[in-house]
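Please examine the sequence and the structure before reading on.

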Amino acid sequence: MKVALLSLLSEQEKEFIPPWVLRERLHLTWEEISETVLRLRLDGYTIEGGHEKGYCLSRRPDLLLPTEVLPLLRTETLGRNYVYLPTVGSTNDLAKQLARTGAVNGTLIAAEAQTGGRGRLGRAWASPRSSGIWMSLILRPELPPTELPKLTLTAAVGVARAIGIVADLPTGIKWPNDILADGKKVCGILTEAAVSDGKTDFAVVGIGINVNTEQADFTAELREKATSLKEVLGRPVSRSLLLAATVGELESLLNQLYADNFAAIRAEWCRRTVSLGQVVQVAAPTGGFTGRAVAIAPDGALIVSREDGSEIRVAAGEVL
Ligand code: BT5
């Protein structure tokens, strides 16, 4: 009901639609319409009017509400089950909980703010309220655990494409999970998975994008390395459009991945990366070393060439 009423009011935003038109077009009683208006007002929509003039939508909230996001989705599976929260500890933690209790493939979780947003290795992820996209996707991929690193690279390509489409901004991917704009981090990706008997039960792809985040929202330490799309572009970007575009690009890339065409995704990743050719410091569990990032292996690992000419595959680890 909410979506139908909003879409009718949006046909003539800022103009009153008379009661009889609303009733006829929506096939609802006036009581049902008034009640839906009340619920939309509680969600943050500014709707003026009443039973004499009818209703007029004068302002939509800048929130990732289902009523804002679902009408924009062009996907078949991803995001069709959408869980939206004003506040959550971590969307990845909630996604894992929901996945364990049977949530369907493609379930999307998004929150306005995270109180315990996480990066890799237990690091914190700053998630100021309503300034970015803090989301997780539950996937049940037909991928063996050894191939899961491909998911992070695929997600990075999807986000970079979506930022290009919605914000018209070129970005660079830093292996394996960062997206940079103007040399600073605008997005981080955290892929986690549950594996049993050598098989992937589910994977959770967590994505954090600083969309309209202000420098003042970051701690002094973060200001040096983090930025947002708004800061780089000098204008705000619609979070709902970017969320829908990200999910859309991811769906088509995942279809490509599952159709055994990671090679094409890897090629695009290589075109978009800023990591190849760079001198990198690798902090691996087995000890750190320095080398030059020279290639991405067919399975998504980074190939680092050391001074002595030896090449090392870095599947998981830290590139500084
Ligand atoms: C990441 O980790 O970059 C993965 C971040 C994933 C965040 C999403 S948000 C939705 C979902 N739910 C979660 O709880 N997490 C995911 P890593 O490569 O370890 O980078 C973490 C480091 O990035 C921190 O140590 C900071 O230095 C920096 N950082 C923290 N918050 C940031 C922000 N908002 N923007 C840019 N950099 C940030």
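## Basis of the model

The model is predicted, so local features need pLDDT of at least 70 and side-chain atom pairs count only at pLDDT 80 or more, while totals for chains, interfaces and linings use all residues. Residues are numbered from 1 along each chain as its sequence is written, and side-chain values use heavy atoms, with hydrogens and water left out.

## The cavity

On a 1 Å grid over the protein atoms alone, a cavity is a set of points where a 1.4 Å probe fits but cannot get out, and a lining residue has an atom within 4 Å of a point. A volume is the space filled by probe spheres set on the points, which are joined across faces, edges and corners. The structure contains one cavity of 30 Å³ or more, and the volume of the largest cavity is about 40 Å³.

The lining of this cavity is formed by L137, L139, L151, A155, V205, L250 and L254. Two or more lining residues come from each of β5 (132-139), α6 (149-167) and α9 (239-258). Helices (H or I, at least four residues) and strands (E, at least two) are DSSP runs, numbered from the N terminus. The lining comprises seven nonpolar, no polar and no charged residues. Here Ala, Val, Leu, Ile, Met, Phe, Trp, Tyr, Cys and Pro count as nonpolar, Asp, Glu, Lys and Arg as charged, and the others, Gly among them, as polar.

## The largest pocket

A pocket is an open set of points with protein on both sides within 12 Å along at least five of seven lines. The largest pocket has a volume of about 850 Å³. Of its 39 lining residues, G119, R123, A124, W125 and K185 are the closest to its centre.

Strand β8 gives the most to this lining, with five residues. The lining of the largest pocket divides into 15 nonpolar, 14 polar and ten charged residues.

S136 belongs to strand β5. With a relative accessible area of 0%, S136 is buried, a term that means under 20% relative accessible area (1.4 Å probe, protein chains only). The side chain of S136 makes a polar contact (a pair of N or O atoms within 3.5 Å; within protein, one must be able to donate a hydrogen and the other to accept it, and residues adjacent in sequence count only if both atoms are side-chain atoms) with the side chain of T91, at 2.8 Å.

S240 lies in helix α9 and counts as buried because its relative accessibility is 12%. Leaving out residues up to four places away in sequence, S240 touches L64, E68, V69 and L72, where contact means heavy atoms within 4.5 Å.

Methods:
Buried < 20%, exposed > 50% of the residue type's maximum accessible area, 1.4 Å probe, protein only.
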